[in-house]
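Trainee: Hi! Could you walk me through this one while I have it on screen?
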Amino acid sequence: MTPLAGRWQQPRRGQPEPGARRPALDSGHWLLVAFAGLLLIWSVASAAVHGVHGVHAALAFGALIAFGELLRLNLPGDREAAPIATAGAMAYALLLRVGEDPARPGADQVIAVTALAMIVGALPHLAVGRPARLTAMSTRLLAAACVAATFRPLANAGLIGSRWWSALPVMLGLVVFAWLLESAVTALIRTDALRTRFGVAFGDEVRVQWPIAAATGASALLIPFAAEVMGLAAVAVFAAPLLVTQVALRRYAGIRATYLQTVRALAKVTEIGGYVETGHSARVSRLSVAIGRELGMAEAALLELEYAALMHDIGQLSLRDPVPGGATVLVARDEQRRIAEYGAEVIQQARVLDSVADIVRRQSDPCRPAAPAQPPPLPSRIIRAANAYDDLVGSSADPDRAAEAVARLRLDTACEYDPRVVDALGRLVSPA
Amino acid sequence: MGNLSRVGWVYIGAVVAAAAIVLAAGPYGALNWSQVGVLGLLLIACESAATLVSARGLAWSANTMASLAAVVLCGPVGAALVSCGTLFGLRRGPSPAQRLFNTGMYVLSAYLAGRAFVAAGGHVGPPGPSAFPGIIGPFAVAAVVHVAVNFMLLNAVFWLTREHGGVPGRVGLDVKLALTDLGYGAFGVLIAALWSVLGPFTPVLVLIPVFVARWAVAQFAAQQRAYEATVSALCQAVETKDFYTRGHSERVSRGAVMIATEIGMRPDRVGAIRYAGMLHDVGKMGVPTSVLQKRSSLTDDEYAAVQLHPMRGLDMVREIGFLDEALAGIMHHHERIDGRGYPMGLAGDEIPEFARVLAVADAFDAMTSDRSYRGARPVPEAVTELRKWAGKQFDPAFVHAFVAAIERDGWTAPQPVAAEEPEEPLRTIESL
């Protein structure tokens, strides 16, 4: 696949293209990682000076955190999470008593144990050649450190009551705050990497993470109370149920990824059948997603847009003979509409992609139709413009040709193409 | 459980009667009724949140958690009483007979688990700090007994009410569910332990991770259904190109699953071969329609184009992550045992197992459906033909397995193509 000119071609963290280079760590990443590194050095040094309080608890929670880090999982949208490690780290920060004995680890000790355990848990991944994601690890450490730094001084000074109704609200507040902080930091990083808006990225983050955060947070609250009764056995007992949740999440994330791969693969039938140029569906979908992101669409909507863009030419399978060059932009409007309609029918058979089918159905409608008809939804307008652009430019990397194609689309913004979409496309393919 | 045989009814009656005897026998003297009440509510909440995990109405709920907590806190009879909550689950799915059976099943599992807990040396009542870690052994015994009794009672009812042909892969599903159950069982000891610290507030916190897991399981199931529907819809779209092969992929997939189940393949491999069957001919997209529908014999060039289709199919689906073994099946499904097939001319055991299975199902469906150059053959004739070519074209073991499965379960051959010249199945572009 020949790379096209323009900024949208930069490999996205979302779905790295085969052979694509990950963007180098930029300033935001560096700042975060450097901060986490300083935190590690300070906490280890400080803990070494002050000595370790409660060696057994430190070892038990360290083991849980390392285990959780070992079992980190990838969530939809290329997010990394380590629910068990996070729960373990927060639970350690919120520990009040182990059995009859009060637990008094300092904030520095909690942070040091967490950081070291995370490194230990990441080592096996490194050993088999899976690189550690420093940014994600740093963000997790930051969230745990925030809880520890607030709660430990209060607890160690004896300001947190021993009854659950006095301790629980403080703990709950801290856990929620830590989660929001983690989401905000992750959203900032993604804003940088994906060229999206902070508000949208933060919303996506909260939406994707809240079920896991709820499970993790509830576990983090339960373990300290359980430790009062069960001692450190609570740590072992709790690993099991959380593991079940994690397995379910992993399978869910796995099938989501397979789904996308499959739609991508099967979208190529039109190419193999000679209906469209090689790489057309992939290019149109990448460009459409980039435009959608530029226009501030949220992740769920972007996924539907991506599916629709990948399958936008499926309707051509109903043609006995391929359209020359697959360029639907050159075909009469009625034919375009019939192809779109047939494609929508195919997708509708899957019964679960009705909104995707709708996007595909309306893809050939003009942006400002004659009076009674409603204008097509934004994703359809995006695909229409991206498809037309790709039909004109193809796999060419020539910037002049790209500018020419955008100019030609812009001529038609009175009724055919959405001017906002064409503007976004222009910004993406020919950066000022 | 719609059409139950007499044996089935007797079995369900026996389970319910045994549960009633257990409940009637008591003793109820030492029971803490408020505990039983709260745990009963917890169980009703779990039961109401049950997730449907298979099309045949098998639902999974986290009941084990509540009944195992009751085993520790209230003993065998109390646990049996708590399990009666199953009857009141706010779930519309189950019929009264199903509800009664489920309740009886959970009452018996809980009672036997309670007996096992006591027999293994467990002490009934809220465990204090001194009870740990000694309680874990007896509790594990109780959990295993609970899950095992549940598993056996449930499988017996499925076995007694099984439909002709059964659903392959179900036992594997059950084992996974049993393990999930065991994981949730661990929550039971946690609820019991937290009772002395958090009191009746415990279930509230414990329910959060449970509901998240339930959410993840439900999402996974929904995604999987969506996935299957989408693959099937896209395969049908590909088949519109050749009128005669409509439904071919579905049938080959079904046949391959019959063979795989018959020879006792692992459930995950059966799943993979199902997709391999659906996708085995996607490469035909690259073969011109005129060649596919040709009535006379093919020229050398045309034959070469046809021979290329397994490789083209492989190219398309190569990037779908989970399909490793299925890929080999797709690539080699036209190899022959005697080494005279294509594309590689592999012979005997060199041909991947999936490919040998697919070859049998593929050829059988081709024989029993209409083609442009000949009509369909009846099933017995096709079976004779398969047997004749076993050892030359097909692997004899799979032919035997397939024939055995067909003789037991039957085979639904496709509807004959109605007219000699079918009404135009494909639309054409005249306007170009």
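This is a predicted model: local features need pLDDT of at least 70, side-chain atom pairs count only at pLDDT 80 or more; totals for chains, interfaces and linings use all residues.
Mentor: Happy to! Residues are numbered from 1 along each chain as its sequence is written, while chains are lettered from A and ligands numbered from 1 in the order in which they are written.

Trainee: Thanks! How many helices and strands are there in chain B?
Mentor: Chain B has 16 helices and 2 strands. Helices (H or I, at least four residues) and strands (E, at least two) are DSSP runs, numbered from the N terminus.

Trainee: And which domains does the assignment give for chain B?
Mentor: Domain 1 covers 6-221 and domain 2 covers 240-409; such bounds come from an automatic or database domain assignment. The centres of these two domains of chain B, taken over C-alpha atoms, are 46 Å apart.

Trainee: Let's look at helix H15 of chain B. Which of its residues are buried?
Mentor: In H15(B), residues 379-389, the buried ones are B:Ala382, B:Val383 and B:Leu386. They line one face of the helix, because they fall within an arc of 105 degrees when seen down the axis of H15(B). That arc is taken from the directions from the helix axis to the C-beta atoms. On the other side of H15(B), B:Pro380, B:Glu381 and B:Lys388 are exposed.

Trainee: What covers the buried residues of H15(B)?
Mentor: The cover includes helix H14 (353-367) and helix H16 (396-409) of chain B. Contact here means that the C-beta atoms of two residues, placed from the backbone, lie within 7 Å.

Trainee: Switching to the interface: how many residues does each chain bring to the contact?
Mentor: Chain A brings 63 residues and chain B brings 61. On the side of chain A that touches chain B, H8(A) gives the most, with 24 residues. That side divides into 42 nonpolar, 10 polar and 11 charged residues. For those classes, Ala, Val, Leu, Ile, Met, Phe, Trp, Tyr, Cys and Pro count as nonpolar, Asp, Glu, Lys and Arg as charged, and the others, Gly among them, as polar.

Trainee: Which residues have the most contacts inside the largest nonpolar core?
Mentor: Those are A:Ala226, B:Leu190 and B:Val360, in a core of 251 residues. A nonpolar core is a set of buried Ala, Val, Leu, Ile, Met, Phe, Trp, Tyr and Cys residues joined through C-beta atoms within 7 Å. H8(A) gives the most to this core, with 18 residues. Among the residues that A:Ala226 touches are A:Phe238 and B:Leu190.

Trainee: Is A:Asp78 buried, exposed or partly exposed?
Mentor: A:Asp78 is partly exposed, because 16 other C-beta atoms lie within 10 Å.

Key
A residue is buried if 20 or more other C-beta atoms lie within 10 Å of its own, exposed if 12 or fewer, and partly exposed in between; C-beta atoms are placed from the backbone. Lists of a residue's contacts leave out its neighbours within four places in sequence.
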